[in-house]
Amino acid sequence: MHSNTSDVLIAGAGPAGLASAIAAARLGLRVEVLDAARPPIDKACGEGLMPDSLQSLAALGINIRHHQTAPFHGIRFLNERPTATAQAIFPTEPGRGIRRTVLHQLLLDHALSLGVRFHWENPLREITPTATGSVVRTTRQTLRARYLIGADGPRSRVAAAANLTAATVRSQRIGLRQHYSISPWSNLVEVYWSDYGQAYVTPTSTNEVCVAFIARQKIPSPTHALQHFPTLSRHLASALPSDAPRGSITLDRTLRRVATSNIALTGDASGSVDAVTGSGLALCFRQAAALASALQAEDLSLYQQAHSSIRLGPQLISRSLLLLDQSPRLRARTLQTFERLPFLFQRLLEVHIGHRACIFPGVDDLLASGLHLMTN
Ligand SMILES: Cc1cc2nc3c(=O)[nH]c(=O)nc-3n(C[C@H](O)[C@H](O)[C@H](O)COP(=O)(O)OP(=O)(O)OC[C@H]3O[C@@H](n4cnc5c(N)ncnc54)[C@H](O)[C@@H]3O)c2cc1C
């Protein structure tokens, strides 16, 4: 084998690529990562890490509690019209809001401390399979690896080269993120619902909140979007934007396969759930651990199986929330029911963060098959 061949080469240094690099390096594998950009890498994101995401991060050796973050203790849903409010509190430790660039730096520092090598401003151009792995050409150099990991986002070149693009796309929406300088008025993540879409608010420090708007149509500006969320608009009346808005698409997309014998996909390159679930980062961290175990066992079919089961819960939540987005009537009824029966919303949240296995024993399978019928 070529002397410069690494065990694992990861294309993409977003959260998925960095988490995968950390998980693999912790198991003693020689890891290299390339990215078209250079740090700090920012991206439109709601910037909320639910308690289960924090546990998955801790399993990778990262504790963000002592860094620039803000705790949140649960989730509140607010329907703008007809008004209805439901909230639930985490029965565990709080979640944390963290600026995307702060999270990126933490992951990067940890990866560097484990000996991971980085190649910045190196867009991947070409992949050639060999008997012992892959040869990867970037605009600047040629790299060789036994295993190639595509963590290069939804338009993954690795997926295209490995013929792994066959997918079902159930939803495509637009996201726009804006930070505002203001003391958070709530210690919950608030999700505002209207016919336009959702706006969710995550505290990211003692004097800043992150607002992510998600809609089916192009969002011209945060000011435009706020017109559709009068309650949120009132909260933000005196707040100033603290940076430029940043947009991105969000997909509910399931890939048929995420691995060959020596190439695997992770993060958004391997499919995604709608952003409103707040599960994208948790998926990245859980997939990273599963991928590293499969790499160590030299059997990527193990990752294929693990990937499917990791996706199941967030996928169900994603489809349920998209149904509420599409049907104002169903949304109003559901949120009014949660308002009247708060324990229902509490149980749903507990299932969502993996604290509880099911909403009601025996009833969940019925709900899941009903939802399957409605969304297929
Ligand atoms: C509006 C919005 C709000 C969201 N809110 C939340 C939230 O609150 N909580 C949550 O958990 N998730 C949230 N998500 C989802 C989350 O942001 C994504 O799931 C996550 O960013 C996926 O990370 P990734 O590393 O797979 O992809 P990315 O972050 O897209 O990283 C891909 C990397 O690959 C690099 N790359 C691409 N092509 C190439 C190439 N050819 N060569 C080299 N490098 C390349 C890019 O430069 C980039 O650094 C949100 C998403 C959106 C759009």
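Predicted model: local features only at pLDDT ≥ 70, side-chain atom pairs only at ≥ 80, totals over all residues.
**Entry 1**

**Entry 2: the core**

Next I turned to the largest nonpolar core, which has 107 residues, and looked for the members that touch the most other members. These are Ala 19, Ala 21, Ile 22, Ala 288 and Leu 291. The largest share of this core comes from helix H7 (residues 280–296), which contributes 12 residues. I wrote beside this that, in soluble globular proteins, nonpolar side chains tend to be buried together. I followed up one member, Leu 291, and listed what it touches when residues up to four places away in sequence are not counted: Ser 20, Ala 23, Ile 149, Ala 264, Thr 266 and Tyr 303.

**Entry 3: helix H3**

At 1.5 Å a residue, its 14 residues should span 20 Å, and the end C-alpha atoms are 20 Å apart, which agrees. Which residues of H3 are buried? I found Arg 100, Leu 103, His 104, Leu 107, Leu 108, His 110 and Ala 111. These residues cover an arc of only 165° around the axis, which puts them on the same side of H3. On the other side of H3, I noted that Asp 109 and Ser 113 are exposed. Helix H1 (15–26) is included in what covers the buried residues of H3. Just after the helix comes Gly 115, and there I read a positive phi of about 90°.

**Entry 4: helix H9**

I repeated the check on helix H9 (residues 328–340), which has 13 residues and reaches 18 Å from its first C-alpha to its last, close to the 18 Å expected at 1.5 Å a residue. In H9, the buried residues are Arg 331, Thr 334, Leu 335 and Phe 338. Seen down the axis, these buried residues fall within an arc of 95°, so they line one face of the helix. On the other side of H9, Arg 329 and Arg 340 are exposed. What covers the buried residues of H9 includes strands S5 and S6, strand S13 (189–194), helix H8 and helix H10 (342–352).

**Entry 5: backbone details in loops**

I looked for cis peptide bonds, and I noted one from Pro 39 to Pro 40, with omega near 0°. Pro 40 is found in the loop between strand S2 (31–34) and strand S3 (48–49). I also noted that the bond from Arg 81 to Pro 82 is cis, with omega near -5°, and that Pro 82 lies in the loop between strand S5 (74–79) and strand S6 (84–89).

I then looked at positive phi values in residues other than glycine. Glu 121 has a phi near 50°, and it lies in the loop between strand S8 (117–119) and strand S9 (124–130). Is Glu 121 buried or exposed? It has 12 other C-beta atoms within 10 Å and is exposed, because 12 or fewer is the cut-off for that class. Glu 298 has a positive phi of about 55°, and its place is the loop between H7 and helix H8 (301–326). Glu 298 is exposed as well, with 12 other C-beta atoms within 10 Å.

Pro 220 lies in the loop between strand S15 (208–215) and helix H5 (222–226), and with 9 C-beta neighbours inside 10 Å, I counted it as exposed. From C-alpha to C-alpha, Pro 220 and Arg 246 are 11 Å apart in space, while in sequence they are 26 residues apart.

Ala 357 is in the loop between H10 and helix H11 (363–375), and it is exposed, with 9 other C-beta atoms within 10 Å. I noted that Ala 357 and Val 258 are 99 residues apart in sequence and 26 Å apart in space, C-alpha to C-alpha.

Key:
Residues numbered from 1 in each chain as written. Helix = DSSP H or I, 4+ residues; strand = E, 2+ residues; numbered from the N terminus. Expected span 1.5 Å × (residues − 1). Buried ≥ 20, exposed ≤ 12 C-beta atoms within 10 Å, placed from the backbone. Arc of directions from axis to C-beta. Contact = placed C-beta atoms within 7 Å. Core = buried A, V, L, I, M, F, W, Y, C linked by C-beta atoms within 7 Å.
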